[in-house]
Amino acid sequence: MNLTHLGKICVAALLAASSAVLVSADVVETKAGARLVGKVAAIDGESVVLETDYAGTIKIKQGEVLSVTTEKPLFYRLSSGTVVNGTVTPTPDGKLEIRSGDATVTTTVGNVAASWTPGSKDPAVAALERKWTYRVGVDVSGKTGNSEQLSTAVSASAQMKTAQDTLQFYTAYNRQETDSVKSADQFKAGIDYANNFSGRKSWYVRDEGGFDRVKSIELYNVAAAGLGYDFIKKPNQTLTGRVGLAYRYEGYEDPFVDETGAIVTPPDDVSSAGLDIGLNHELKFERGILINKLTYLPAFDDFGSYRATHESSFEMPITASLWKIQIGVANDYNSEPGEGVERLDTTYFTRLILNWQ
């Protein structure tokens, strides 16, 4: 056998191996004429997700896909609810054939509502499973020199979220001393439940209580219930408005003598029904999430008596999904504060968060 003949055999073998690799790959063809080779990871009713070596993960809008060819069997749920397990090949008339053993189901790309690998669960079923997520946050800051200051804040939450409802328990404590004088001493704990009963519509109940000893509040409580609406409901962004009825209570301390010897007379206790108006916004980026929360609580008997709270923060992972850092600002406004107390309290924070499931 001469070298020329041996070379032809090697080239033929390489071509055969290359052809085998191409044949074993999944192929997605678009209506624009593109032919994308890789591995079909999922079809979710909106897009076809293709994993490639040359461009990472690609999402192609399902309406722009002409045909799909898969080498390994997947489970497919059609818009009718039928579930089929098999491989996919295109037909000459632009449809798809899902072959499962001796049976063949003919459908279209747009008719595929979801897909998943054998051994995993239907995404619709997995979305309804109740899973808990836990978070603990700590931020400590201090100052020495012209003044002495030490601030410590801890927070914790547990959240159970599905596609249909969300239940959250949370608590936080903040203490600060400036020149040996207590400048912050706040505690809160609450529960919030929301149920998406119809599309973008939801109902909710919430309750929050705590104290603020710097503002002479021995105990406060806000209980509310009402309806919510998702103005924006996308995988990477949500904007939910809330309107409901609320009961607000604030119990103040008796008159006392402060550190300067002056007599401080706190305002009268607040006990009134009113409105609960809120706006919650989340926007997810590739490396972080922007969170905005706003609540407004006016009293029915006097709309000039109200409480408003706001918090905006940006949260990003540090090295892994367990550890995150959160930077933000929080505002607490009371239209009728006590003597010597400002209406607006603003807090800037940088928080280290441990997050796990």
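**View 1. Asp-122 and Arg-77 form a salt bridge, their closest N and O atoms lying 2.8 Å apart.** A salt bridge is a side-chain nitrogen of Lys or Arg within 4 Å of a carboxyl oxygen of Asp or Glu. Asp-122 is buried at 12% relative accessibility, and Arg-77 is buried at 19%. Buried denotes under 20% relative accessible area, exposed over 50%, and partly exposed in between (1.4 Å probe, protein chains only).

The model is predicted: local features need pLDDT of at least 70, side-chain atom pairs count only at pLDDT 80 or more, and totals for chains, interfaces and linings use all residues. Residues are numbered from 1 along each chain as its sequence is written, and side-chain values use heavy atoms, without hydrogens and water.

**View 2. Asp-230 and Lys-233 meet through their side chains in a salt bridge (3.8 Å, N to O).** Asp-230 is buried, with a relative accessible area of 7%, whereas Lys-233 is partly exposed at 41%.

**View 3. A network of salt bridges links Lys-215, Arg-248, Glu-250, Arg-307, Asp-332 and Asp-345.** Within this group, the closest N and O atoms of Arg-248 and Glu-250 are 3.0 Å apart in a salt bridge. Both Arg-248 and Glu-250 are buried. The structure holds 18 salt bridges.
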